[in-house]
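Please work through the exercises below with the sequence and the model at hand, and try each task before reading its solution.

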Amino acid sequence: MIIKNGYVWNGLVFEKRDLYVENGEFVKFTESGPVVDATGLFVMPGWVDSHAHVIGTGMKLLTHDLAKENLLDILKSDAEEIIIARGWEELPDNLLINKMNEMAKPVILIRKCGHVAWINDYLKAKLNFQENLIYEGQIEKVWSILGDDFYEMAFETGENEFLRYGVTQVHSDDFHGLSFGKLKVLLSKNRIRIFEKLYTTEPWEYEFSEFGISKIGGIKVFADGSLGGKTAYMFQEYKDTGGYGVFTLPGNFDDIIKYAENNNLQVCVHTIGDRALHEVLERFERNGVRLKHRLIHLQFIKRQDFERLKKYYLSIQPHFYFEDIPLLENVSFEMGYPFLEMYRAGLDIAFSTDSPVSPADPKYVMEAALKMGFTREDAIKLYTENGSKIIGLKCGKIEIGYCADFCLYDGDPFERDPVGIFVNGQEVLRR
């Protein structure tokens with residue numbers, strides 16, 4: 001393949017030149033393959049989202065969004081066998097709660113963060129739960145009622161949502177509710193490059209391998225919940241409740257680490273609260289790990305733990321700071337959202353959206369990063385090349401020997417969506 005006359009991003013500026021692709025990689029020169037006329041177009045490496053949920057993103061688009069829809073209007077519809085809505089920050093009033101509890105079908109209201117949900121009495125009885133308000137692992141049991149066909153549709157919808165914004169690689173977390181067999185099928189035929197962080201506390205029961213251009217190569221576990229749900233595990237108590245959050249690290253975490261170390265797998269730990277992070281670092285170091293594992297979110301950090309982060313890869317979300325400002329008055333901490341300080345200290349960070357918690361659009365993250373103090377050039381690198389670096393791939397950069405994952409834009413790439421998207425040297429979307 002030859003891409004002619006494009007304005008190519010070189011890490012600092014756009015320069016006019018031709019590009020050559022063979023076997024899914026950028027090469028020095030080739031005369032074979034199709035010719036893509038990129039005259040007047042800007043050529044950017046595909047964005048790499050280092051932590052998101054492809055199926056969750058699709059589910060949000062296929063179900064109700066409480067930020068855009070009125071709950072009462074949703075409940076008036078009799079067409080749906082299951083009502084699923086996401087986006088609440090405060091539970092609805094008792095009149096609506098009573099109306100949902102009278103319904104003879106499942107109603108699931110997921111909090112914006114995804115770590116707390118409300119289910120109606122019908123579903124509570126069906127799942128033999130004691131409470132309507134459920135958390136963390138309990139939510140996983142709810143997803144089992146949806147079935148593989150729904151998850152396949154959600155996967156395709158989520159994949160399309162990332163592609164429309166020029167995201168060509170996602171480090172995803174999809175093993176929630178669907179069967180492992182279906183997950184392997186979806187990864188084998190997908191159009192974007194996915195690194196699957198398999199959510200399980202029994203990794204020895206599953207297959208870690210490559211599937212097409214994708215790979216199941218990580219193990220995902222949670223050390224705590226979310227700030228908005230008041231389940232992030234903190235050293236200092238929440239001012240309104242007096243609680244410290246919830247510590248959810250699996251009891252067999254040491255066994256998970258040993259299995260990962262013996263099988264060259266990356267352990268990826270969700271940690272938001274400073275106390276959760278401290279406990280995770282203690283456990284990793286106690287096990288004398290040799291691999292470079294990953295920590296995700298890191299919104300709050302004890303200063304004494306900051307230097308310890310050099311041993312790990314870090315997936316962070318700059319936009320969370322601006323989203324969370326209204327919540328910060330409820331917590332006390334030493335370091336909060338110190339992402340720019342991480343970068344200046346030479347830590348291995350990469351950007352992500354955590355979609356569907358936040359929009360899948362990289363422009364949303366980039367805007368927050370620039371507001372936080374990152375330069376445009378650094379922010380692009382952290383959202384492209386660095387994302388691939390943390391899984392050992394050479395993608396996210398337009399250079400010989402790197403994966404030919406790139407996008408074409410007919411205007412400013414930082415203001416527009418791409419008109420052409422290529423993954424592994426193949427065109428997957430053209431507008």
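**Exercise 1.** Decide whether phenylalanine 284 counts as buried or exposed, and do likewise for tyrosine 312.

*Solution.* In this predicted model, the cut-off for buried is under 20% relative accessible area. Phenylalanine 284 has 0% relative accessibility and therefore counts as buried. Tyrosine 312, at 1% relative accessibility, counts as buried too.

**Exercise 2.** Classify the ring pair of phenylalanine 284 and tyrosine 312, and work out which parts of the chain the pair ties together.

*Solution.* The structure holds 26 aromatic pairs. In the pair of phenylalanine 284 and tyrosine 312, the ring centres are 5.4 Å apart and the planes stand at 40°, so the pair is tilted. Because phenylalanine 284 belongs to helix α9 (residues 274-286) while tyrosine 312 lies in the loop between β18 (300-301) and β19 (313-316), the pair ties together parts that are 28 residues apart in sequence.

**Exercise 3.** Find the rings over which the charged ends of arginine 275 and lysine 302 lie.

*Solution.* Arginine 275 lies over the face of tyrosine 244, at 5.8 Å from the ring centre. For lysine 302, the ring is that of phenylalanine 235, with the charged end 5.0 Å from its centre.

**Exercise 4.** Describe the largest nonpolar core, and follow leucine 314 within the structure.

*Solution.* The largest nonpolar core has 101 residues, and leucine 314 is among those with the most contacts inside it. Helix α6 (residues 148-164) supplies the largest share of this core, six residues. Leaving aside residues up to four places away in sequence, leucine 314 touches residues including Leu295, Leu309 and Met342. A second, separate core has 17 residues, among them Val21 and Phe422.

Definitions and conventions: Residues are numbered from 1 along each chain as its sequence is written. This is a predicted model: local features need pLDDT of at least 70, side-chain atom pairs count only at pLDDT 80 or more; totals for chains, interfaces and linings use all residues. Side-chain values use heavy atoms; hydrogens and water are left out. Rings of Phe, Tyr and Trp (its six-membered ring) pair if their centres lie within 6.5 Å; planes under 30 degrees apart count as stacked, over 60 as edge-to-face and the rest as tilted. Helices (H or I, at least four residues) and strands (E, at least two) are DSSP runs, numbered from the N terminus. Buried means under 20% relative accessible area, exposed over 50%, partly exposed in between (1.4 Å probe, protein chains only). A charge sits over a ring if NZ of Lys or CZ of Arg is within 6 Å of the ring centre and within 35 degrees of the ring normal. A nonpolar core is a set of buried Ala, Val, Leu, Ile, Met, Phe, Trp, Tyr and Cys residues joined through side-chain atoms within 4.5 Å. Contact means heavy atoms within 4.5 Å.
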